[in-house]
Amino acid sequence: MNIAVIGSGYVGLVTGVCLAHIGHTVICVDNNYEKIKRLKLGKVPIYEPGLEELLKKYLKNKRLSFSTSIVDAAKKSTAIFIAVGTPSKKNGEADLTYVENVAGDIARAMDSYKLIVEKSTVPADTGQRIKRTIAMNLPKKFRKGSEVTLDFDVASNPEFLREGCAVHDFMNPDRVVIGVESTKAERLLREIYAPLKPTMVVTDINSAELIKHASNSFLAAKISFINAIAQICDHVGADVLKVAEGMGFDKRIGRKFLDAGIGYGGSCFPKDVDAFIRLSEKSGYHFNLLKEVRSVNEDQKALFVRLIEDKLWIIKDKVIGILGVAFKPDTDDMRNAPAIGIIETLQHEGAKVKVYDPQAMPNAKKVFRDVTYCNDPYALAQGCDCLLLLTEWDEFKKLDFKKIKRVMKHAILFDGRNLYHDQSLKASGFEYYGVGRGMLERKRG
Ligand code: UDX
Ligand code: UDX
């Protein structure tokens, strides 16, 4: 099938490349000329394992192409995926300006049946608004008063891609969710995904949009739950890793997403939790449970800084080395990374901050000021009063801590992701602090 994907960011680009990979002919569109120029040369502007080789392969056999023209792509396609950004407004609501603009551009280019598919994470009822926007912007010849004479469909098809393993997640979906209002739209979407032989969840548009928000919010809730348990473990003197292990064997709970640490970040969870809270309020439901999820997540970063202050005493002029700043491993993405708040707070207290991250430093340089960037963990450790592990990159598991200890001023390590839980750094002479490992002095009483 001829498919267009509008918006070639983390989600749109992976979607476009993988749709080509399963046999379709895809045009990826973006309004960022620079990005499109590089993509046409086979250059992937993001770090996503496995994406670049697929991009080159399908550029070569012409199953994948790039354009900055929505009109051009829409005319050539039967299905048009909208995957443009849906950033948060000040009040937490999803900003759907780009979605509305793109829907209007698509409508003006329509001269035959099109299936318009929401891929971006959008609040419930957005599909209905896209339908109205398209009907209002169709070429005049298809509009007789409020009557519309050109057949089209809008559908919701939310993505469940985790950054760092997005290609894998696309090719091995737990389920493909489609929200449709016609059998034609259902048939087309089933045809698009048939090569993956996935479990299809077919529902109405609003329910499909809610499945996305509810899934992300539940995953965020699971993370905040184990982070709350970690705080209790620190107070009573227990080990959150053992608690998570014991909980996880219950198939109704599952061990995944029970990793305590400095909390969740990224371009989805923080934004989707805010948007879902706002959407619920506007619909008349006060989602206090989800507000608590958000505040536990904020607390985790503040508590981590407090632990550092507690152990380092004066922060001013202390040299603090940061191992990893990306919001999670295997990505270069810094959006809402927990490292941002932690580093800015420590700098505010006068710390001298050094950073090393295997992939995210180019993006980090757009975010931080007055930070020293190092090219490897050993240069980073040079002269540090302590190290913070904020992103659990695999390469950090193989560090030579004897060598690291020799170059540090003081051998203190704060492990924000419990990466070193099974490597007794204490044996290498480190003062080691994890999250939820019963580290805090037991409360008296
Ligand atoms: C975005 C949303 O943030 C996410 O919630 C949604 O699920 C999918 O789309 P992501 O791909 O990470 O996720 O966003 P981003 O990397 O910012 O990509 C958006 C792309 O759309 C950018 O490349 C931007 O240039 C492009 N864009 C934006 C357009 O092509 N046209 C526009 O009008 C606006
Ligand atoms: C998430 C969802 O998993 C995905 O389905 C959705 O489409 C987009 O949002 P992503 O944000 O890429 O994917 O990464 P994910 O692996 O979910 O991690 C999100 C954040 O939670 C990261 O900051 C990670 O460090 C944190 N996290 C994850 C924890 O703190 N503990 C955990 O146990 C798991």
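Which residues come nearest to ligand 1? In this predicted model, they are Val11, Asp30, Lys35, Lys271 and Arg335, out of 19 residues around the ligand.

A polar side-chain atom of Asp30 lies 2.6 Å from a ligand oxygen atom. Asp30 is also listed among the nearest residues. Glu159 likewise places a polar side-chain atom 3.2 Å from an oxygen atom of ligand 1. At Val84 the backbone takes this part: one of its N or O atoms lies 3.3 Å from an oxygen atom of ligand 1. Taken alone, ligand 1 exposes 680 Å², and the protein buries 87% of that area.

Ligand 2 is also surrounded by 19 residues. Closest to this ligand are Glu163, Lys212, Gly265, Phe327 and Lys328. Phe327 has a backbone N or O atom 2.9 Å from an oxygen atom of ligand 2. A backbone N or O atom of Leu161 lies 3.1 Å from an oxygen atom of the ligand. From Arg417, a polar side-chain atom lies 3.1 Å from a ligand 2 oxygen atom. On its own, ligand 2 has 650 Å² of accessible area, of which the protein covers 93%.

The domain assignment divides the protein chain in two. Domain 1 spans residues 2–203, and domain 2 spans residues 229–433. Among the residues named above, Asp30 falls within the bounds of domain 1 and Lys271 within those of domain 2; both are among the residues that come nearest to ligand 1. For ligand 2, the closest residues include Glu163 and Phe327. The C-alpha centres of the two domains lie 34 Å apart. Across the boundary, 19 residues of domain 1 are in contact with 19 residues of domain 2.

The cysteines were examined next. The structure holds 0 disulfides. A disulfide is a covalent bond between the sulfur atoms of two cysteines. The cut-off for a disulfide is 2.5 Å. Cys384 is buried, because its relative accessible area is 0%, under the 20% limit. Cys233 has a relative accessible area of 3%, so this residue is buried too.

Technical notes: Residues are numbered from 1 along each chain as its sequence is written. Chains are lettered from A and ligands numbered from 1 in the order in which they are written. This is a predicted model: local features need pLDDT of at least 70, side-chain atom pairs count only at pLDDT 80 or more; totals for chains, interfaces and linings use all residues. Side-chain values use heavy atoms; hydrogens and water are left out. A residue is near a molecule or strand if one of its heavy atoms lies within 4 Å of it. A polar contact is a pair of N or O atoms within 3.5 Å; within protein, one must be able to donate a hydrogen and the other to accept it, and residues adjacent in sequence count only if both atoms are side-chain atoms. Accessible areas come from the Shrake-Rupley method with a 1.4 Å probe; for residues, only the protein chains shown count as cover. Buried means under 20% relative accessible area, exposed over 50%, partly exposed in between (1.4 Å probe, protein chains only). Domain bounds come from an automatic or database domain assignment. Contact means heavy atoms within 4.5 Å.
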